[in-house]
Structures are given as C-alpha cells and as structure tokens.
Amino acid sequence: MDTFSLLAQGFAVALTPTTLALAIAGCIIGTIVGALPGLGPSNGVAILIPLAFSLGLDATEALILMTSVYYGAMYGGRISSILLNIPGDEPALMTTLDGYPMAKAGRASDALVLSGFASFVGAMLATIGLMMLAPILAKVAYLFGPAEYFGLYLLAFSTLGGIASDNQRKAALAACIGLGIAMIGLDNSTGMGRFTGGNLHLLDGVDFLVAIVGLFAVSEVFVFIESHGKSSAIGVKLESITIPIKDIGRTFGTMLRSSFIGFIAGILPGAGASLGSFLAYVAEKAYVRDNSRFGTGDARGIAAPEAGNNAAAGGALVPMLTLGVPGSGTTAVLLALLMTLNITPGPLLFTERPDVVWGLIAALLIANVVLLILNVPMVRIFVKVLSVPPWILLPGVCMVSFVGIYSLSGSYFDLVLMILFGLLGYFLRKLNVPTVPIILGILLGNNMEDSLRRAMVISGGDWKYLFQSGISIGFWIAAVTGFLAPVFLRKIIKKPQAHVDTTPPEST
Amino acid sequence: MKQTHLTKLVAASVLALGITAGVSTSTQAAECIAPANPGGGWDFTCRSIGKIMFDIKAVDAPIQVTNMAGGGGGLAYTHVVSERADDEELIVAASSATATRLAQNAYGGMTSDQVRFLGAIGADPGVIVVAKDSPFQSLNDLLDAVKADPSKVAFAGGSAVGGFDHLKVLMALGRAGFEDITKVKYIGVDGGADAITQTIGGFTQAMTGDISEVVGFLKSGDVRILAAFTEERLPGEFGDIPTAKEQGIDVVAVNWRGLYVPKDISDEAYDKWSDALAKVAASDEWAEQMTANGLAPFTKVGGDFQGYVDGVISEIETLSKEIGVIQ
C-alpha cells in the first residue's frame with residue numbers, strides 16, 4: 001500500500017475550505033478548552049458532540065473538528081499548568097512540576113514557547129507514527145493480557161512516590177486514598193455495587209473529572225479565600241515572547257525520547273496521555289545525568305511531559321482507529337462519536353474507509369502546524385484569558401468548573417461531590433500531602449484491580465500467572481526498581497521540593 | 001482590557017450552558033429519554049426512532065432527546081417512576097440491559113412492573129466468537145470442552161459478571177446439560193472490541209457479545225463466529241452463520257432495542273405510542289438504519305412485548321441467583 005498516495009488523497013479531503021476552517025476552529029476551541037482548568041479534552045469533546053450534529057457535519061468533517069479540539073486541548077493544557085500551577089487538563093499535570101517554577105523565576109514566556117515547541121514535536125512525530133505504523137502497531141494490543149496490564153499499572157503506581165512529593169510515605173498514602181475512591185461504584189468482576197450506600201449516583205463510581213476539578217480548581221479557590229485576596233496564586237508575569245533557542249536546542253534530544261515513550265504509552269489501550277506525560281517525565285529524569293534541577297524549573301522537565309502527552313494523544317488514536325479500543329478517556333468519547341456516525345472502527349477501517357482515515361491524518365498534520373502558530377507567536381491571546389486578576393479569574397474558573405461538570409452529567413450530585421473534593425484538596429494541601437497520586441489512583445485504580453482479578457479468573461487463582469510473559473516480568477522488575485530507587489537516591493542527593501502542592505499563599 | 005477577557009470567559013460559559021440547555025430542556029413536544037451519554041445504543045434508539053417517527057408523520061412534532069446518564073439507566077428509571085409516572089408525552093429508550101438490571105435488582109429496589117414496556121423494533125443478535133486459529137469448530141465443540149474441564153476455557157465479554165454477555169454463555173451451557181455454572185470462567189472487560197482483542201491474543205478462548213461488536217474483526221478474518229443466538233439465520237451477508245438452535249442449543253438471546261413508557265398513562269396514549277412505533281418498524285428508513293447498525297429485524301410491540309420482557313426477566317433472575325449475583 002502506497003502511504004504517500006493515500007496521504008495525498010487525504011490532503012485533498014483536508015484542504016477543502018470547509019474542513020480547513022473546521023480544523024482551525026477546532027484548534028482554537030481546543031486550546032481554550034485545554035487552557036481553562038477543569039475543562040479537559042474529554043469534556044471539551046463531549047460538550048461539542050451535540051454541536052457537531054446540529055451543524056449537520058458529515059463523518060469526516062465531524063471527526064476532523066473533534067480531533068482538532070482534542071489535539072488543541074493537549075497544547076492548551078500546558079498554559080494554565082505553567083501560569084497558574086493548575087493543570088488545564090489531566091495530562092498536563094506533569095508540566096506543573098517544572099513549568100510553574102520556571103514561570104515563577106520570571107521565565108514564563110520561555111516556558112510557554114519551549115513547551116509549545118515540545119508539544120509540536122511530540123504531536124508531529126506521533127501523527128507520522130500513526131500514519132506509518134498504525135496497521136502494524138495495532139497488533140501490539142494482542143500481546144497485552146490481564147497480567148501484562150497489571151504489571152503496567154503496578155509500574156505506574158510504584159513510581160508515583162518518586163515524582164509527586166519529596167515524601168514517599170505521603171505519596172503512598174495519597175495513592176491509597178485514590179485507590180480507595182476508585183473502589184466506589186460497580187465492581188466490574190461481579191457486577192455488584194460497592195461503597196455506594198445504595199446511592200444510584202455512586203453506582204457509576206466517582207468520575208475522575210469531578211475529582212480533578214475539585215482537587216485542583218475548587219481547592220485553589222478555597223486557598224484563595226483563606227488568603228483574603230492578599231496574595232495571588234497567579235503570581236506570574238508574562239514578559240515579551242522570545243524564542244529560547246538555547247533551551248530548545250538543549251532539550252531536542254529530550255523531546256525525541258519523550259515523544260517515543262509517549263507514543264508507546266498512548267498506543268496501550270487504557271493508558272492514555274496522562275501515563276504518557278508521566279512516563280516521559282520520569283524516564284527523562286532517570287536518563288539525564290544531572291537531574292538535581294528537576295522540579296525547580298528545568299527546561300527538560302517542561303519539554304519531556306509536553307512532548308510525551310502530545311505524542312500519547314496521537315498514539316491513543318492508533319488502537320481507537322484500528323481496534324476500536326480507546327487508548328484514553330478522550331478517545332473513548334471520540335469512539336462514541338465514530339459509532340454514532342456509523343463508522344465502525346476496527347482492523348478494516350483503513351481499507352474500507354480510507355477517505356475518513358487519511359483525511360483525518362492529513363487534517364491532524366495541518367492542525368499541528370496551525371496549533372504551533374497559535375501557541376507560540378500568538379500564545380498571548382490565550383494567556384490573556386488567564387491573565388485576569390485572581391478575584392475575577394477564580395470565580396470564573398469556579399463557574400466554568402461548575403458548568404463543565406454539570407454539562408457532562410447533568411447532575412447536581414456531581415457538583416456537591418466536586419465541592420467535597422475541593423475541601424479534601426484544601427486540607428491535604430495544608431498537610432502537605434500531594435494530590436497527584438489521588439488522581440492517578442482514581443484514574444487507574446479500577447483498571448488495575450480489574451486486570452488483577454481477570455488474571456486470577458483466567459488462571460484459577462494461580463498468582464504465578466502474573467509472571468508468565470517476558471513483558472509482564474519486565475514491568476515487575478521496572479516497578480520494583482522504580483519504587484526502591486528514590487529511597488536510596490534520596491540519601492545521596494537531596495531531592496528538590498516538588499511544586500505541585502507547595503504554593504501556600506502564606507509563603508508568597 | 002480586563003473587562004473584555006471577563007466577557008470572553010462569560011461568553012464561553014454561557015455558550016457551554018446554552019449547549020447543555022439546548023439538549024436538556026423540554027418544550028411541549030414529546031420527549032425521549034436516553035438513559036446514557038450521547039453515542040451509545042440508548043442514545044441511538046432515541047435519536048433514530050424519534051427522528052423517523054416525525055419524518056414519517058407518526059407524531060405531529062419533533063421528538064426532543066434528553067440524555068440522562070447514571071446508574072446504568074437506573075437514574076432515568078427512578079426519575080420516570082417517581083416524577084413522571086403519568087407523563088403521556090414521554091418515551092424512554094431500553095434494551096436487554098434494562099431487563100437484566102431490573103432482574104438483578106440493580107435499580108435500587110425498582111421493579112419491572114413500575115413502567116410499561118412499549119416494544120422492541122430491532123435487535124443486535126448475540127454471538128459466540130473464537131479466534132481464527134481456535135481448535136473449536138462448532139458451538140458444541142466449545143461447550144463440550146467446558147463440560148470436560150471448565151478451568152480450561154475462559155470467556156471474555158463486554159459486560160460485567162452477571163451481565164447479559166455472561167448470561168448468554170450460561171444459558172447455552174444450561175441447555176447443553178452443564179449444571180455447575182459457577183465454575184464457568186468469565187471476565188468482563190471494557191467493551192466488545194476489548195473482549196475480542198483478548199480472545200485473538202489467546203488470553204481467553206472465546207468471546208461472547210453482539211454481532212455489531214464483531215463485524216469488523218469477522219470481515220478481516222481474525223475471528224470465526226461459532227453461533228448466533230437467533231430464532232432463524234441472519235439475513236444477507238451473515239447467512240452462513242449457524243444459529244445455536246440448529247446446533248441443538250435452544251437459546252435465543254438478542255440485545256433488543258426498544259422503549260418503555262410511564263406506568264400511569266392512559267391506554268389511548270399507550271396505543272398511540274405503540275402504533276407510532278409499529279409504523280417506524282415497518283418504514284424503509286428504519287430498515288436502512290438497521291442495516292447500517294448491524295441490527296436484525298426483531299419486532300414485538302405492545303402487550304406481546306410486555307410478556308416477552310417478563311419471561312426474559314424471570315429467566316435472568318433464576319440464573320443470577322444460581323451464580324450468586326443476587327440473593
């Protein structure tokens with residue numbers, strides 16, 4: 001099959017005025033959606049689905065609009081991570097670790113340009129990867145059974161302690177809180193409700209978007225109220241936009257490595273962009289010789305997660321298109337869109353509907369260039385949305401959070417839950433317990449539990465089943481190493497303070 | 001300048017609100033509640049049946065679709081029973097999953113007699129699928145293997161343990177004379193495609209699901225369908241798939257797409273809706289929708305359908321007690 005002639009056909013589809021306009025509109029909407037805390041890519045796309053139908057878009061057009069929003073949100077998420085220390089969406093979590101300290105050090109524009117460029121590299125490489133490898137890479141999913149998935153999630157959890165906090169016990173505690181919350185709702189292995197107290201709202205479990213918005217956005221508002229507006233959580237000034245060529249040059253290797261890791265993480269069904277940015281950051285930190293500045297505004301600490309999460313966003317499209325297995329929360333929403341449009345994703349999509357697939361790929365390439373322009377020279381436009389004073393922005397954030405969550409579920413119950421999470425986040429901040437592991441616990445806890453229990457059902461309760469493939473053994477070794485290494489390393493190097501939860505207003 | 005940013009923010013929120021409101025407000029027009037988020041089967045039922053009803057003039061005004069996700073349909077069910085019990089301008093999407101959950105008391109004490117089932121006008125036939133290189137050539141090969149040693153055969157499906165995909169396997173095994181159904185290995189994964197992936201990957205030996213979930217993999221040659229759980233062979237391109245019935249396993253298990261209405265509406269209103277639904281079932285537009293979405297004809301409207309649902313619910317109840325999903 002000639003990839004390039006198919007791609008040329010794709011560009012013919014993507015370069016019609018309508019689709020081009022839709023791609024640009026999608027990029028702008030996506031960047032704003034990504035930048036506004038609480039409005040992540042999955043709610044952004046979910047909110048826009050009814051709009052796409054009412055506009056009467058055909059399958060290719062609707063898909064192009066939605067994936068442009070999806071890619072745009074991946075770019076936009078970093079803006080509030082860097083300027084506000086609130087991740088604009090959940091994959092941008094890791095960008096707060098170095099992005100915010102760098103911005104606080106007076107280099108906000110450098111951080112934005114650098115991360116924008118890293119996003120471009122990640123997304124571009126992933127789109128090319130999707131184009132070249134999708135039909136082949138689709139088979140990777142066949143190698144992952146329950147035992148392999150369990151190993152993968154175990155790796156994610158056991159390395160949590162090293163990144164989110166300087167105190168592994170507090171990080172482990174937070175992960176356990178997250179895992180505990182994840183247990184609420186329908187138990188997939190028995191079909192019974194757990195810890196729901198007979199409440200139907202809880203039967204579907206706690207939506208991680210509710211938890212994220214509560215723990216990050218709402219608790220931010222509480223912290224702000226406590227400080228009586230004396231100080232601002234947004235103590236970052238944006239100077240004129242220049243291109244930090246030195247940093248870009250210095251981090252180019254980082255971007256390439258992180259794109260690769262992110263892309264692979266994206267392909268694994270269920271792992272998604274959050275794991276991509278997380279693994280990219282951890283791997284980069286482990287790879288470079290001098291990692292003492294990580295967590296204090298290291299350029300590589302910004303480039304790695306951004307290249308990683310954008311590459312994962314592209315990677316997540318691979319299993320979604322080729323197997324119909326979504327690689328992330330947002331691709332799950334996109335999958336729902338595809339099904340509604342009468343397109344059945346699966347091994348045959350590439351041969352049966354080449355117009356859709358290649359039109360989409362061409363549109364993604366175009367969207368990426370548009371996004372680079374929007375997010376580097378024109379990033380001020382989006383920053384201005386965020387550079388209003390906190391006494392306007394935080395109520396605004398609060399309002400968008402409420403609207404965003406309500407529009408997803410249409411349930412006041414989730415709003416109450418969100419406020420409760422806000423209170424929880426506020427007290428945990430006071431106790432200096434990191435909230436990132438809680439989110440990851442809620443996000444991955446069910447998948448991890450399901451994988452383990454499926455493995456046990458298949459093997460008839462034989463735990464040796466977990467170590468029967470090279471892939472799973474590899475994950476176990478990496479997990480044990482990842483958990484123990486920081487404990488020993490901490491004695492040798494003083495670990496820098498992570499910035500995720502350490503912006504008490506008293507100290508600024 | 002700052003004012004304008006605020007305006008933008010407000011505008012964005014208002015836009016978001018507007019979109020939401022646009023979906024969920026109801027006017028005088030009749031309303032169809034899809035008890036799930038946009039994109040799923042219930043949403044499809046409301047949108048396509050609602051649209052066709054208006055297009056073929058079976059109703060006077062367009063039908064407004066409301067999405068009310070939560071509790072696997074339980075939230076909408078409770079809402080209809082407790083707040084809309086006499087609303088004559090309301091229809092609600094339902095499927096086999098609704099019946100399964102009612103049978104297993106998953107709707108917080110609600111029972112099936114608290115609404116009136118209106119009808120089903122299409123169904124996604126249940127199938128049993130194996131990987132292309134599987135040693136099992138027929139449904140009986142597979143069932144015999146389970147009978148010989150249940151620990152050697154694991155099934156994957158897109159619904160939770162005790163869900164409809166699981167129950168289909170248990171019904172088939174029950175008909176084949178296998179009593180010890182708690183020994184059957186079943187893992188519930190996230191959707192049919194995931195279940196197929198596990199089966200092709202060799203982690204499970206067979207997949208149980210609906211035909212629409214397997215079509216892509218069937219055409220690419222990665223899987224074989226051992227049996228379809230329908231009365232008769234499927235029409236068209238699926239005509240060479242043997243039914244379970246003709247292999248001596250008398251199980252009909254389809255994921256029907258249908259509607260229910262509130263309990264306390266007048267018989268005239270009930271008849272009006274069942275007439276409208278019957279007209280949709282007979283329309284060319286619906287035939288097209290069924291073909292496009294892999295649905296097989298399955299028309300049961302009115303009292304006939306209520307009886308069918310009651311039968312299904314009592315069988316599921318019995319099975320669920322045996323496997324311990326309910327007391």
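Mentor: Two residues are in contact if their C-beta atoms, placed from the backbone, lie within 7 Å. Keep that cut-off in mind, and keep in mind also that this is a predicted model.

The part to look at is in chain B, where Leu167(B), Leu170(B) and Met171(B) of helix 6 meet Ile316(B), Leu319(B) and Ile323(B) of helix 11. Sorted by class, the residues of this contact between helix 6 and helix 11 of chain B are 6 nonpolar, no polar and no charged. Two packed helices are described by the angle between their axes and the distance between the axes. For helix 6 (residues 164-175) and helix 11 (residues 303-323) of chain B, the axes come within 11 Å and cross at roughly 90°. An angle of 65 to 115 degrees counts as roughly perpendicular, so helix 6 of chain B is roughly perpendicular to helix 11 of chain B.

Now set a pair from chain A beside that one. The axes of helix 1 (residues 3-14) and helix 16 (residues 354-375) of chain A come within 7 Å, and their crossing angle is roughly 75°. Helix 1 of chain A is therefore roughly perpendicular to helix 16 of chain A. On the helix 1 side of chain A the residues in contact include Leu6(A), Leu7(A) and Phe11(A), while those on the helix 16 side include Trp358(A), Ile361(A) and Ile366(A). By class, this contact of helix 1 with helix 16 in chain A has 11 nonpolar, 3 polar and 1 charged residues.

Chain A also holds a helix with a bend. Helix 11 (residues 245-267) of chain A has 23 residues and spans 31 Å from its first C-alpha to its last, close to the 33 Å expected at 1.5 Å a residue. A kink of about 50° in this helix 11 of chain A is centred on Thr251(A).

Return to chain B for a strand residue. Ala93(B) lies in strand 3 (residues 90-95) of chain B. Ala93(B) counts as buried because it has 27 C-beta neighbours inside 10 Å, where 20 or more are needed. Leaving aside neighbours within four places in sequence, its contacts include Cys32(B), Trp42(B) and Leu259(B). Ala93(B) and Arg257(B) are 164 residues apart in sequence, yet their C-alpha atoms are 7.5 Å apart in space.

Two loop residues have a positive phi without being glycine. Lys57(B), with phi near 65°, is in the loop between helix 2 (41-55) and strand 2 (64-67) of chain B. Lys57(B) counts as exposed because it has 9 C-beta neighbours inside 10 Å. Phe195(A), with phi near 55°, is in the loop between strand 2 (192-194) and helix 9 (200-203) of chain A. Phe195(A) has 14 other C-beta atoms within 10 Å, so it is partly exposed.

Chain B has 11 helices and 10 strands, and 53% of its 327 residues are buried. Chain A has 21 helices and 2 strands, and 63% of its 508 residues count as buried. Of the contacts with a separation of 6 or more, residues 24 or more positions apart account for 78% in chain B and 81% in chain A.

Key:
Residues numbered from 1 in each chain as written. Chains lettered and ligands numbered in written order. Predicted model: local features only at pLDDT ≥ 70, side-chain atom pairs only at ≥ 80, totals over all residues. Axes fitted to C-alpha atoms, helices over the stretch in contact; angles between N-to-C directions. Helix = DSSP H or I, 4+ residues; strand = E, 2+ residues; numbered from the N terminus. Parallel < 35°, antiparallel > 145°, perpendicular 65-115°, else oblique. Nonpolar A, V, L, I, M, F, W, Y, C, P; charged D, E, K, R; others polar. Buried ≥ 20, exposed ≤ 12 C-beta atoms within 10 Å, placed from the backbone. Expected span 1.5 Å × (residues − 1). Bend = angle between axes of the 7 residues up to and from the residue.
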